[in-house]
Amino acid sequence: MEKSTGSIYGGWCMKWFKIYKKSFGLQLATWMAYRFNFFLFLTAIVLFNLLAPLVVYLIYYNNLTIPGWTFNQVLFLLGTYILVTGIDVFLGAHIEWTTRSLLKSGEFDKILIRPIKPMTLIFLRKPEIAALSEVVLGIIIVLYTYTNLNIVFNLVNILVYLILIFIALLFLISLRIFIGALTFFFIETSAIGEFVGRFKNFAIYPISIYGTMGYKLFTFIFPIGLLGFYPAEVILGRAAWATVGLSAVVGLILFIVSIFFWEFAIKHYVSAGG
Amino acid sequence: MTFLRKVLGIGRWQYGFEVAYRFNRIVWASSLPIILLATYFLWTSIYAYSGQTIINGMTLNELIVYYLAVQITIMFSASMVDAHIPRLVKKGLLIRYIVKPFNFVLFWFIRSVWRSLFRTFAVLLPLFALAFVIIDFSSITFNIPGYMLSVILALFLNFFYIFSVAMICFWVKEYEGIRVIRRGVANVFNGAIIPLTFFPLVFQKAFSYLPFQYMLYVPIQILLGKYSYEQSITMMLIQLMWIIVFALISIFAWKKAQAQFMGVGV
């Protein structure tokens, strides 16, 4: 008797969930082997993520202003950025990191012989647990500033905010997939990762400060406005819906293209073994 | 002569690391101006909106030069010593270095200096390619000799400070968390993220009693001509004092660490 499509997908999901649960447990156990180090790492991640809010605080402390934005509004943007990038590191960092380390050490073959698609396995096998502190920090900043902003509750805006965060996450993961795929050609791609990471820094501040060119670039070509600026604009009730929608579409297209690029790149893999 | 040959040998060795993945290194070097560009846009909009030409004693032009100098100074004075030694200790590979006929601390210092020179050289071109577009250098009177002297002192200070902290790795099972905290703390207190004049006065006062601002902020202030001749000399003497403090700690800690170290298979 043939299985229905629904039950096949259900089976896959259960399999993925089991792998993810196992991987999460393993990663947690690895971190817990050095508990003090784990605690220091969490503290360090929080500390690093507080640097940008500190700069913003000092700007406003000196009676200066980022044009068009109050302190709490910028902080809300930053909180959203920290939340999105935190989830990205938690879920997607190893698409880039593991691919690189396995290709460099010549161990990628062991991913290929498993009965699961290579990218799915890489995605599931190593959640970056330490990044959860970044996620928690992001949530705290977002909730704290949301209450301080005295915004009238608007369910539609909150739903759109959450959808934008999801698309921003897909966009960030697409960047990881692109870099991971480039590793099949260049082997050492850590600098490309750094390059992209530095570009993401533009999203820490409102993209409106980068002039018309920068604004268009970060909306329609490399949509890092989705990481904080547009979600914040939506919550503040001043978003240009068409622009937000177009930017989100660009983010989704990049995600789809990245998957095709990965499939293209993996065909160029040459095993180190005999 | 033998010493010089050893120094050049370490340089050749480090050069091998630096050019191992050339494409990767080129991408890395060309990514550094991105931070400067983001900072430029941020502060240009803030200065324009405020209507002020001088904020906390700095013009916009000086502030952008400040951030350019931050990148170059960090590149020149940074040390990777606490990324390498803890890894060697953890893997039991430190023995390879201890048995070499060369002073251990001196070896890592020379390696750090070579690395700094190669990397500073690599980033100068992309950084200045952008800087010449966004900065009006003619409007600032630079104290370049003072900066050169102070930044060399900063190189020594950074190395001995980081080496001292790295010695903790002999007593803990995992060092990486301490390294990340060490970097984060330095970034706040040394003026890398924002000039220290933007902090409340009480913090500025407190920072002057810590070694961090002498690793970055002070050399840059000397470069921008913010200190008089006498003040510059005083600052460099304080740098020298901190170098002596951390050099002594480094030597003492290294002696203790050797007693603590257990090499695999020795």
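Residues are numbered from 1 along each chain as its sequence is written, while chains are lettered from A and ligands numbered from 1 in the order in which they are written. Because the model is predicted, local features need pLDDT of at least 70 and side-chain atom pairs count only at pLDDT 80 or more, whereas totals for chains, interfaces and linings use all residues.

**View 1. Chain A and its helices.** Let us start with chain A, whose secondary structure comes to 12 helices and zero strands. Helices (H or I, at least four residues) and strands (E, at least two) are DSSP runs, numbered from the N terminus. The radius of gyration of chain A is 20 Å, close to the 19 Å that the globule rule gives for 274 residues, so chain A is as compact as a globular protein of that length. That radius is taken over C-alpha atoms, and the globule rule is 2.2 Å times the number of residues to the power 0.38. Along the principal axes, the C-alpha atoms of chain A fill a box of roughly 65 × 45 × 40 Å. Of the 274 residues in chain A, 39% are buried; a residue is buried if 20 or more other C-beta atoms lie within 10 Å of its own, exposed if 12 or fewer, and partly exposed in between, with C-beta atoms placed from the backbone.

**View 2. Helix α12 of chain A.** Here is a helix whose length can be checked by hand: at 1.5 Å a residue, the 26 residues of α12(A) (residues 241-266) should span 38 Å, and its end C-alpha atoms are 38 Å apart, which agrees. The expected span is 1.5 Å times one less than the number of residues. Buried positions in α12(A) are A:Val244, A:Ser247, A:Ala248, A:Gly251, A:Leu254, A:Ser258 and A:Trp262. An α-helix has 3.6 residues a turn, so residues three or four places apart point the same way. The cover over the buried residues of α12(A) includes α6 (118-125), α8 (155-186), α10 (211-221) and α11 (229-235) of chain A.

View 3. A:Val135 is found in helix α7 (residues 132-148) of chain A. Why does A:Val135 count as buried? It has 20 other C-beta atoms within 10 Å, which means that it is buried. Leaving aside neighbours within four places in sequence, A:Val135 is in contact with A:Leu83, A:Gly86, A:Ile87 and A:Phe90; two residues are in contact if their C-beta atoms, placed from the backbone, lie within 7 Å. A:Pro223 is 88 residues from A:Val135 in sequence, and 21 Å from it in space, C-alpha to C-alpha.

**View 4. Where the two chains meet.** At this interface, 34 residues of chain A are in contact with 32 residues of chain B. On the side of chain A that touches chain B, the elements giving two or more residues are α2 (35-49), α3 (51-61) and α9 (190-200) of chain A. By class, that side has 23 nonpolar, eight polar and three charged residues. Ala, Val, Leu, Ile, Met, Phe, Trp, Tyr, Cys and Pro count as nonpolar, Asp, Glu, Lys and Arg as charged, and the others, Gly among them, as polar.

View 5. Turning to chain B, we find 11 helices and two strands, in the order α-α-β-β-α-α-α-α-α-α-α-α-α along the sequence. Its C-alpha trace spans about 70 × 45 × 40 Å along the principal axes. Helix α7 (residues 144-166) of chain B is mostly covered, with 18 of its 23 residues buried. At 1.5 Å a residue, α7(B) should span 33 Å, and its end C-alpha atoms are 32 Å apart, which agrees.

**View 6. The largest nonpolar core.** This core has 153 residues, and those with the most contacts inside it are A:Leu164, A:Ala168 and B:Leu157. α8(A) gives the most to the core, with 15 residues. A nonpolar core is a set of buried Ala, Val, Leu, Ile, Met, Phe, Trp, Tyr and Cys residues joined through C-beta atoms within 7 Å. Beyond its neighbours within four places in sequence, B:Leu157 is in contact with residues including B:Pro211, B:Tyr214, B:Trp242 and B:Phe246.

**View 7. Confidence in the model.** The model scores ipTM 0.88 and pTM 0.89. Chain A averages a pLDDT of 90, and 96% of the residues score at least 70; pLDDT is the predictor's confidence in each residue, from 0 to 100. Among the elements of chain A, helix α1 (residues 5-32) has the lowest mean pLDDT (82) and α11(A) the highest (96). Chain B also averages a pLDDT of 90, with 98% of the residues scoring at least 70.
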